[in-house]
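Keep the structure in view as you read.

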Amino acid sequence: MIPFPLLPTQIETNYRACTIPYRFPCDNLKKATPTEVSWINVFANSIPSFKKRAESDITVPDAPARAKIFAERYGGILEDWKKDPESNGGPPDGIILGRVREHLLRELGFKDIFKKVKDEENAKAISLFPEVVSLSDAIEDDGKRLENLVRGIFAGNIFDLGSAQLAEVFSRDGISFLATCQNLVPRPWVIDDLDNFQAKWIKKPWKKAVIFVDNSGADIILGILPFARELLRRGTQVVLAANELPAINDVTYTELTDIVSQLKDGNGQLIGVDTSKLLIANSGNDLAVIDLSRVSHELADLSSDADLVILEGMGRGIETNLYAQFKCDSLKIGMVVLSLCHRYSLLFFIGVMKRNVLCLVLIILTSHEHPLVMKVKHVEVAQFLGGRLYDCVFKYNEVQS
């Protein structure tokens, strides 16, 4: 594993895979900060849905008993972190919290507890792919077609079973892709650089784009692949970077290779578009978030000459890399689909950063009794900042040559 080559050097000082600071140097090392406790609770709330998925994994002997062990051990570790942030390997962040969960599952023999639901959703999405592409192709205006494709990415990205609330909704009712496209929150979104991206899109295509993909099902098949197909049609070489190992319902490199092969026709085309410039890369990642200081040699080699980097999804594009800088143009795109308390905290942080009032963030996050720490949890604050439930992030940074 080596650093992603398009990160600016020195990587050690210029890059950290964490959008929201969990703690600051002045925080007590022996006392969990409100931010740490909030995130720990998000992961704790996901335990019942993970346990339920693990219990039904027919590939694992004694799955119910092992699922119970997972829930107890992971829950215990989370409680330990609340009592002592330095336990179990140091103060937690999004990467550590996710890594411990995935490692516990693998230790107990669970390789991919979301495999069944991923396969089902991939099959549904593959059947809808021609219709989604046809609707997009019927839009003659380049700018409007791009916005339609972007809305498709947002609609697909809601298939995120890492959110306890969404996992419950999905299990009960399912999630309709086309209905979600029509019911996205109206623009402007909480971060909305679409107009600037459209101007660049119309003016000149990029030579090579690297897209870090997210979820299986509608996300990759009905959101990202139609967008990637449009890039290919415009002459851009596209590298799709997917996980090496399963994490929640994220698509893996092997699964994505199979999906694309099913969508291609006998001439190797995606509904009339040549795919000779479409590459699928193993990112080397095994989490629902990503630390770009550690990627596979394969991805690094394929990415070195790219002039556009796209990070899609809550975990990669928002939680860990929203403010990551690159040597080329970059796009971070995703729907904010965390738990309620967390979503408002994140929208609040994004809103403050948009206003360049970093000192206010420092005051709020380090003053544990500050009233705004509690007010962040309420709808009024999200509305005040321009952030709403299931709001969208479209952050584009252009590098000037």
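Buried here means under 20% relative accessible area, exposed means over 50%, and partly exposed lies in between, with a 1.4 Å probe and protein chains only. The model is predicted: local features need pLDDT of at least 70, side-chain atom pairs count only at pLDDT 80 or more, and totals for chains, interfaces and linings use all residues. Residues are numbered from 1 along each chain as its sequence is written, and side-chain values use heavy atoms, with hydrogens and water left out.

Start with the charges. Side chains of opposite charge can pair when their charged atoms come close. A salt bridge is a side-chain nitrogen of Lys or Arg within 4 Å of a carboxyl oxygen of Asp or Glu. The structure has 28 of these salt bridges. One joins K51 to E55, with the closest N and O atoms 2.7 Å apart. Both residues belong to helix α3 (residues 47-55), four residues apart, or about one turn of the helix. Helices (H or I, at least four residues) and strands (E, at least two) are DSSP runs, numbered from the N terminus. An α-helix has 3.6 residues a turn, so residues three or four places apart point the same way. K51 is partly exposed at 25% relative accessible area. E55 is partly exposed too, at 32%.

K118 and D112 form a salt bridge at 2.9 Å, N to O. K118 is buried, at 0% relative accessibility. D112 is also buried, at 16%. In helix α6 (residues 115-137), E121 and K124 sit three residues apart, about one turn of the helix. Their side chains meet in a salt bridge of 3.0 Å, N to O. E121 counts as buried at 11% relative accessibility. Elsewhere, salt bridges that share partners join D137, D142, R145, R229, E230 and R233 into one network.

Next, helix α5 (residues 94-107). The expected span of a helix is 1.5 Å times one less than its number of residues. For the 14 residues of α5 that gives 20 Å, and the end C-alpha atoms are 20 Å apart, which agrees. At the start of α5, a side-chain oxygen of D93 comes to within 3.1 Å of the backbone nitrogen of I95. Just after α5, G109 has a positive phi of about 95 degrees. The buried residues of α5 are G94, I95, L97, G98, V100, R101, E102, L104 and L105. Contact means heavy atoms within 4.5 Å. What covers these buried residues includes α2 (34-45), α3 and α4 (63-83).

Turn to the nonpolar interior. In soluble globular proteins, nonpolar side chains tend to be buried together. A nonpolar core is a set of buried Ala, Val, Leu, Ile, Met, Phe, Trp, Tyr and Cys residues joined through side-chain atoms within 4.5 Å. The largest core here has 51 residues, and I211, F227 and L240 have the most contacts inside it. Helix α11 (residues 218-233) gives the most to this core, with 10 residues. A second, separate core of 27 residues includes V100, L104, I113 and F114. Leaving aside residues up to four places away in sequence, I211 touches I224, F227, A228, L231, V238, V239, L240, A241 and I310.

The sheet comes next. Two strands pair if DSSP finds at least two bridges between them. Seven strands form an open sheet in the order β1-β9-β8-β7-β2-β3-β6, with mixed pairing. β1 (191-192) and β6 (278-282) stand at the edges, each with a single partner strand, so one side of each lacks a neighbour in the sheet. β3 and β6 run parallel, joined by five bridges. The bridge partner of L240 in β6 is I280. Four of the five residues of β6 are buried, so this strand is largely enclosed by the rest of the structure.

Finish at N243, in the loop between β3 (237-242) and α12 (253-263). N243 is buried, at 2% relative accessibility. Beyond residues up to four places away in sequence, N243 touches several others, including D250, Y253, N282, D286 and R316. The side chains of N243 and R316 make a polar contact at 3.0 Å. A polar contact is a pair of N or O atoms within 3.5 Å; within protein, one must be able to donate a hydrogen and the other to accept it, and residues adjacent in sequence count only if both atoms are side-chain atoms.
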